[in-house]
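This report covers pockets, cavities, helix packing and model confidence. Please look over the structure below first.

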Amino acid sequence: MVKFSKKELFVIKSKINYPFIYFFMEPNVVFVYKVKTQDYLTISDLKENGEWQTFELKHEEEFETFTHEESKPLEGRGYLIKQDDLNIIVEKINKYIIKYRHLLSISASSDEVAYKASAVHIVSSESAAGSLKVGLKKSNIVIGFPDSLSIGPLWKLNEKVGQTFRNEWLYEHINYEQDDYEYENKFTNTLREIEDIPQQVPIYIWYGNNVDEQTALRFLLFLIRAKTNDVFLMNSTELYDRYIRPKSTGQQIFHTGHIEPKDLRLLFEKNRKNPPIFEQERIQFHSEWNSLAQTKEMLRLWMKDEIKGVKEDYYDSLIINTIETLHLEQGKKDFIMTGRVIEEILSVMNGLINPFFLEYRIRHLIYSGVLELKGIPKSMRHYSVNLR
């Protein structure tokens, strides 16, 4: 039994007996993890779905020859692993998965080698990726980019130093309500998935006319700049307006994640025979990303078909005005749940503002003395605000 906590246990060594991976932790504990999938893992995957066994050695030197098949696992006892070490374990497992994938790729006789996808689709939203997976045939691989690039630093994001800088800013300001390192794991794993795309498979990048997806479009095109694959751009909002909206009574769509799976499938079928992006267009997008990767703004908007950086307090007046409006609806000035404030703003703005950024700005207004707090601000569901 392995428990995950803050206790001081340190990963010293690791080795592989695929599909089993061994981790030796001082003074004499061996954790054995069984890899059940070739998908890259996150911390929550290990906690929720991991298959572990725990062993004890008499001496550290025994680890070199240790095999779990010849040893008896501990029963009824557990050890605690702190979050930092758990992240190290996740990274080591993912690196072993990379190595194993590579070994398979050079083994022509292995049935596991074949990258059987007819196409790879990349979209800058995990929810949109889920809709694409439902809507498209199973022969299509879908990669969901797990980030909102409308907020936070973009400085050198295509490099490790920039990714670390962004991680630190998000950790200090944005309450994503998930395990430590979960965002970092997902971001890194997505980069690995994109790197793993074989040269012969066509790539479809889905995006809409909003700042999150427009920024991600430029970043993704930069990431695959060395690949020779045909790349097709799928502007979901424009395609929706062309093929679906005239026949429906629904409102205008601004984000790929707002489109139903069956409609995404239709848009793909309608647009799949269009030519790939030209090299000159790719170069232009690369240039635009290079410019974005030098910026210092923490908030961006999509204005007049361009990505514009604005000050962090851009939405503060909207937050205050929304609270004032809700006070009027109350008939009295009383505390309002933070989630209710954010929900009201999103309904007016068609969901085009990152809700976690709004929650960050509400906390800033509390700390600045503009708003009064009731509750504990560990998530937008746990506290209420009132105008002072």
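## Second largest pocket

The second largest pocket has a volume of about 660 Å³. A pocket is an open set of points on a 1 Å grid over the protein atoms alone, with protein on both sides within 12 Å along at least five of seven lines. Grid points join across faces, edges and corners, and a volume is the space filled by probe spheres set on the points.

This pocket is lined by 25 residues; lining means having an atom within 4 Å of a point. Ser125, Asp147, Ser148, Asp212 and Asn354 lie nearest the centre. Two or more lining residues come from each of α3 (126-135), α5 (182-195), α6 (211-223) and α12 (355-367). Helices are DSSP runs (H or I, at least four residues), numbered from the N terminus. The lining has ten nonpolar, eleven polar and four charged residues. Here Ala, Val, Leu, Ile, Met, Phe, Trp, Tyr, Cys and Pro count as nonpolar, Asp, Glu, Lys and Arg as charged, and the others, Gly among them, as polar.

## Model and conventions

This is a predicted model: local features need pLDDT of at least 70, side-chain atom pairs count only at pLDDT 80 or more, and totals for chains, interfaces and linings use all residues. Residues are numbered from 1 along each chain as its sequence is written, and side-chain values use heavy atoms, with hydrogens and water left out.

The average pLDDT (the predictor's confidence in each residue, from 0 to 100) is 89, and 92% of the residues score at least 70. Over residues 4-8 it is below 50. Residues 108-114 also stay under 50. Where pLDDT is low, predicted coordinates should not be read in detail.

## Helix packing

α3 packs against α8 (residues 261-271) at about 70°, with axes 8 Å apart. Axes are lines fitted to C-alpha atoms over the stretch in contact, and angles run from 0 to 180 degrees between N-to-C directions. α3 is therefore roughly perpendicular to α8 (65 to 115 degrees). Ser131, Leu132, Val134 and Gly135 of α3 contact Pro261, Leu264 and Arg265 of α8 (heavy atoms within 4.5 Å).

The axes of α6 and α9 (residues 279-292) cross at roughly 110° and come within 8 Å. So α6 is roughly perpendicular to α9. The contact residues divide into seven nonpolar, three polar and two charged.

## Cavity

The structure holds one cavity of 30 Å³ or more. In a cavity, a 1.4 Å probe fits but cannot get out. The largest cavity has a volume of about 40 Å³. Lys160, Gln163, Thr164, Asn167, Glu184, Phe187 and Thr188 line it. α4 (160-173) and α5 each give two or more of these residues.

Notes. Angles under 35 degrees count as roughly parallel, over 145 as roughly antiparallel, 65 to 115 as roughly perpendicular and the rest as oblique.
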